[in-house]
Amino acid sequence: MIVITAPTGQIGGRLLDILLNEAPERGEELRVIVRDPGKLPDAVRDHVDVVTGSHGDAEVVDRAFAGADAVFWLAPPHPRAPSLEAAYSGFTRPAAKAFTVHGVGHVVGVSALGRGTPAAGRAGHVTASLAMDDLIAGTGVAYRALACPSFMDNLLRQAASIRDDGVFTDTAAADRAAPTATTADIAAAAAGLLLDRSWTGTGEVPVLGPEDLSANDMARIMSEVLGRPVRYQRQSLEDLRAALTGRGVGDAIVQGYVDMMRSKDEGIDAGVRRTPRTASPTTFRQWCEEVLRPAVRA
Ligand SMILES: NC(=O)c1ccc[n+]([C@@H]2O[C@H](COP(=O)([O-])OP(=O)(O)OC[C@H]3O[C@@H](n4cnc5c(N)ncnc54)[C@H](OP(=O)(O)O)[C@@H]3O)[C@@H](O)[C@H]2O)c1
């Protein structure tokens with residue numbers, strides 16, 4: 001039995017699609033933990049066991065992990081959390097206890113690139129994600145942290161500004177090249193690990209995408225795919241802080257984003273070498289064609 005958290009999210013939803021296709025022929029049962037089962041497509045609800053509630057809740061994970069062999073773990077965005085520790089390790093603590101109580105064998109979690117780099121201890125959300133990995137690894141389960149760069153899919157939040165103004169923003173220097181991966185590829189990496197559980201111990205599985213790209217590279221590719229100019233506008237960290245605060249994000253989480261984006265501009269995502277094992281397949285151009293262009297045209 002594989003338990004999937006956050007099945008209505010970008011990664012969790014894609015993971016569920018893959019597992020619904022592949023798990024039955026391996027005799028593998030699926031269970032999801034979902035706050036609102038009504039958000040699951042009808043076809044999905046009929047083929048998975050549903051535990052209703054938040055996977056941050058001790059009573060919920062206690063029910064959900066009974067009989068589980070493997071768990072997909074994702075700490076959800078928590079914009080009003082009092083601290084990053086609360087948002088990641090605090091949210092994960094009930095599950096970490098339940099992994100041990102129920103003898104869960106394997107856990108695959110969504111985390112971030114950066115371990116072992118100079119900025120790892122002061123990188124906001126990245127630092128908190130790495131601490132969450134340590135918490136899970138400390139339970140004794142076999143654990144793989146998917147070490148992710150920024151998601152290409154983050155750009156979907158800017159679909160309106162790309163469409164209406166031909167502009168996208170970020171805080172990185174325009175010519176700093178960095179890895180970026182799709183949530184679909186991250187889900188595929190998770191599915192591979194959850195279905196073939198021959199691995200033991202703890203470690204990271206980087207999901208780096210096929211190439212490093214700068215914001216200027218992305219602007220060029222978006223312009224070519226969308227057939228009209230798209231330019232990059234660099235935002236200062238203070239403007240980022242003001243924008244997040246204006247959207248109601250709490251101070252601790254805003255500070256986490258600022259620290260993380262500063263560390264990204266210092267190269268925290270550049271610590272892992274791309275190899276056939278760490279590269280994921282989808283190019284930015286392909287993602288723009290298949291995901292961004294339909295979203296911008298919608
Ligand atoms: N964005 C990046 O560039 C990046 C890079 C590296 C790592 N990450 C990590 O990736 C994760 C986000 O992944 P994602 O984009 O796939 O997530 P997402 O699409 O934002 O989905 C969030 C999921 O969490 C659920 N959720 C929200 N609040 C919850 C709560 N309080 N209790 C239980 N469930 C809750 C949502 O369910 P509902 O339908 O109930 O709301 C949804 O299923 C984060 O851990 C982040 O640190 C992100």
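**Group meeting: a walk through the fold**

Okay, let's start with who touches whom: among contacts in the protein chain with a separation of 6 or more, 78% join residues 24 or more positions apart. Keep in mind that this is a predicted model.

So what is the chain built from? Eleven helices and twelve strands. Its radius of gyration is 19 Å, close to the 19 Å that the globule rule gives for 298 residues, so the chain is as compact as a globular protein of that length. If you'd like to picture a box around the C-alpha atoms, it would be roughly 55 × 40 × 40 Å along the principal axes.

Of the 298 residues, 50% count as buried. The chain exposes about 13,200 Å², and carbon and sulfur atoms supply 50% of that area. On charges, we've got 31 positive and 37 negative side chains, with the centres of the two sets 3 Å apart.

Let's go into the middle. The largest nonpolar core has 43 residues, and Phe 65, Val 71, Trp 73, Phe 99, Val 107 and Ile 136 have the most contacts inside it. Several elements give two or more residues to this core, including strand 4 (70-73), strand 5 (106-112) and helix 5 (125-137). Which helix gives the most? That's helix 4, with seven residues.

Take Val 107 and skip its neighbours within four places in sequence: among its contacts are Val 71, Trp 73, Phe 99, Ile 136 and Trp 199.

And there's another core, lying apart from the largest one.

Definitions and conventions:
Residues are numbered from 1 along each chain as its sequence is written. This is a predicted model: local features need pLDDT of at least 70, side-chain atom pairs count only at pLDDT 80 or more; totals for chains, interfaces and linings use all residues. Side-chain values use heavy atoms; hydrogens and water are left out. Helices (H or I, at least four residues) and strands (E, at least two) are DSSP runs, numbered from the N terminus. The radius of gyration is taken over C-alpha atoms; the globule rule is 2.2 Å times the number of residues to the power 0.38. Buried means under 20% relative accessible area, exposed over 50%, partly exposed in between (1.4 Å probe, protein chains only). Contact means heavy atoms within 4.5 Å. Accessible areas come from the Shrake-Rupley method with a 1.4 Å probe; for residues, only the protein chains shown count as cover. Lys and Arg count as positive and Asp and Glu as negative; His and the chain ends are not counted. The place of a charge is taken as NZ of Lys, CZ of Arg, CG of Asp or CD of Glu. A nonpolar core is a set of buried Ala, Val, Leu, Ile, Met, Phe, Trp, Tyr and Cys residues joined through side-chain atoms within 4.5 Å.
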